Amino acid sequence: MADKLPLVLDVDGTFLKTDMLLECWWAGMGRDPMATLGASFTHFRDRAALKAELAQIAQIRTDLLPVNADVAAMATAARDDGREVFLASASDASLVQPLADHYGMGQRIFASDGSVNLKGAAKADALVAAYGEGGFDYAGNDAADMAVWPHADTAIVVGGVSGTSKLANVTKLDGGWAPRDLIRALRPHQWVKNVLLLLPMLAAHEFGLATLGLVLLGIAAFSAAASCIYIVNDLLDLEADRLHATKCRRPFASGAVPITVGMAACGALGLIALGVGALLGSAFLLVIVTYMILSLAYSLRLKRMRWIDIAVLATLYTLRVVAGAAASRVDASVFMLIFIFPVFITLGCVKRMTELALATDDERLPGRGYGRTDRGDLLNMAAIGMVGALVIFFLYSHSAQAQVLYPTKWLMWLALIPIAGWLFRMIRLGYLGKQDYDPIVFALRDKRGIGLLLMTLALMFYSAGIWQQLFGF
């Protein structure tokens with residue numbers, strides 16, 4: 001076996017379908033954002049020192065990182081053939097060594113050490129010093145690997161790297177990512193929640209096309225902002241998602257989409273949201289900036305804080321309604337805002353109850369502050385939110401604005417019945433774990449629930465005389 005050349009594998013983007021430096025940065029932002037930002041600024045020009053410090057801050061689990069199945073299979077075949085297989089990475093040795101140990105390749109590693117960034121020419125020099133010119137096969141995926149491949153006996157190229165056609169002995173493996181996976185990361189199905197921007201327009205009986213056009217622009221801006229924050233949230237939750245039964249299949253957690261692509265998409269979406277927001281006026285821009293800042297704070301810290309996370313979720317939903325008023329330039333009723341907040345408190349509790357009902361053990365949810373023992377408290381809080389919303393709706397029916405918009409008061413009172421039925425149904429199904437993880441998305445697919453909501457709207461429209469205006473009855 002002495003004449004069999006060792007197989008040397010690059011790690012980031014080659015053996016792994018991710019980048020450990022970026023994994024550490026995002027994990028560090030979730031664990032200790034101030035220390036992470038401090039290290040990033042302090043060692044901006046010293047990559048080796050930056051990688052070493054971020055590895056200490058983040059403390060990521062290398063055994064959870066997504067592996068490139070084709071490269072792993074190649075490594076297994078090489079070992080079965082009696083060849084030695086080693087990892088050579090620009091990532092810090094404190095991460096590469098446990099990764100190599102976990103996959104049975106820990107006899108020797110080549111990695112950055114806090115003072116030397118083992119990338120490009122530095123990696124080539126280390127490998128030639130260890131095995132000699134042409135004394136190893138090398139698998140890589142990046143332009144930086146062009147400095148290594150000419151010194152290898154066989155250049156194994158993962159994905160599309162320009163310039164490799166000039167190499168003498170090349171083996172190519174599939175790599176890259178699919179646009180459809182990036183679209184999944186944007187969670188377009190969640191954009192349906194932004195129909196909440198229509199509520200102020202409907203409540204004020206403003207049905208003009210110009211008003212609708214403004215609101216649709218607002219929905220587009222909020223959809224871009226929401227997808228931007230979804231990406232940030234997924235990047236902050238990589239480890240928690242990999243420990244989750246279904247979230248482990250998310251594009252960034254599974255390695256289907258590179259972190260760099262996600263970061264670029266996040267920046268582009270943020271610019272689109274702010275650009276459209278500016279077109280809709282300063283009031284709408286202020287709301288969308290507030291939404292994005294609060295969403296970022298939720299992703300970084302607030303979602304891990306019991307009860308505060310639910311209040312923030314309710315606030316984020318309520319901001320959509322405020323944004324609808326700002327975009328359409330209609331006055332949002334204070335009563336409406338006070339009414340919908342406890343509704344969203346209830347739905348926030350429903351979201352957590354659903355997660356706990358679907359949990360497989362009694363441990364606290366990864367990245368959250370709740371365990372199964374909290375289901376009773378969440379149920380009580382959901383019930384309080386439901387009762388509070390119904391009381392506020394009843395009080396609204398006596399307000400001066402309601403007297404003008406909904407003169408048939410008893411029909412408003414009658415509308416309390418389907419509202420109560422819908423909220424009770426949402427609470428019950430959430431407690432039993434018979435919902436989607438997002439109650440708003442579930443509600444917009446639930447036929448019985450939609451029937452109750454349509455019944456509520458019909459009663460309110462009839463009370464307002466809209467049916468008579470439109471259809472003559």
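Me: Are Phe339 and Phe393 buried or exposed, and what makes them count that way?
Reply: Phe339 and Phe393 are both buried, a word used for residues under 20% relative accessible area, with exposed meaning over 50% and partly exposed lying in between (1.4 Å probe, protein chains only). The model is predicted, so that local features need pLDDT of at least 70 and side-chain atom pairs count only at pLDDT 80 or more, while totals for chains, interfaces and linings use all residues. Residues are numbered from 1 along each chain as its sequence is written, and side-chain values use heavy atoms, with hydrogens and water left out.

Me: Why is the aromatic pair of Tyr131 and Phe136 called tilted?
Reply: Rings of Phe, Tyr and Trp (its six-membered ring) pair if their centres lie within 6.5 Å, and planes under 30 degrees apart count as stacked, over 60 as edge-to-face and the rest as tilted. By this rule the count comes to 12 aromatic pairs. For Tyr131 and Phe136 the centres are 6.2 Å apart with 50° between the planes, and the pair is therefore tilted. Tyr131 and Phe136 also belong to one aromatic cluster with Phe86 and Phe110.

Me: How do you know that Phe136 is buried?
Reply: Its relative accessibility is 0%, and Phe136 therefore counts as buried.

Me: What makes Phe339 and Phe393 a tilted pair, and which helices hold them?
Reply: The ring centres of Phe339 and Phe393 are 5.5 Å apart and their planes stand at 55°, which gives a tilted pair. Phe339 lies in helix α15 (residues 334-357) and Phe393 in helix α16 (residues 375-396), so the pair ties together parts that are 54 residues apart in sequence; helices (H or I, at least four residues) and strands (E, at least two) are DSSP runs, numbered from the N terminus.

Me: Why is helix α1 called roughly perpendicular to helix α9?
Reply: The axes of α1 (residues 20-31) and α9 (residues 209-236) come within 8 Å and cross at roughly 95°. Because angles of 65 to 115 degrees count as roughly perpendicular (under 35 roughly parallel, over 145 roughly antiparallel, the rest oblique), α1 is roughly perpendicular to α9. In this contact (heavy atoms within 4.5 Å), Trp26, Met29 and Gly30 of α1 meet Val232, Leu235 and Leu236 of α9.

Me: How do you know that strand β4 pairs with strand β5?
Reply: Two strands pair if DSSP finds at least two bridges between them, and 4 bridges join β4 to β5 (residues 154-158), which run parallel. Within β5, Thr154 is the bridge partner of Asp137.

Definitions and conventions
Axes are lines fitted to C-alpha atoms, for helices over the stretch in contact, and angles run from 0 to 180 degrees between N-to-C directions.
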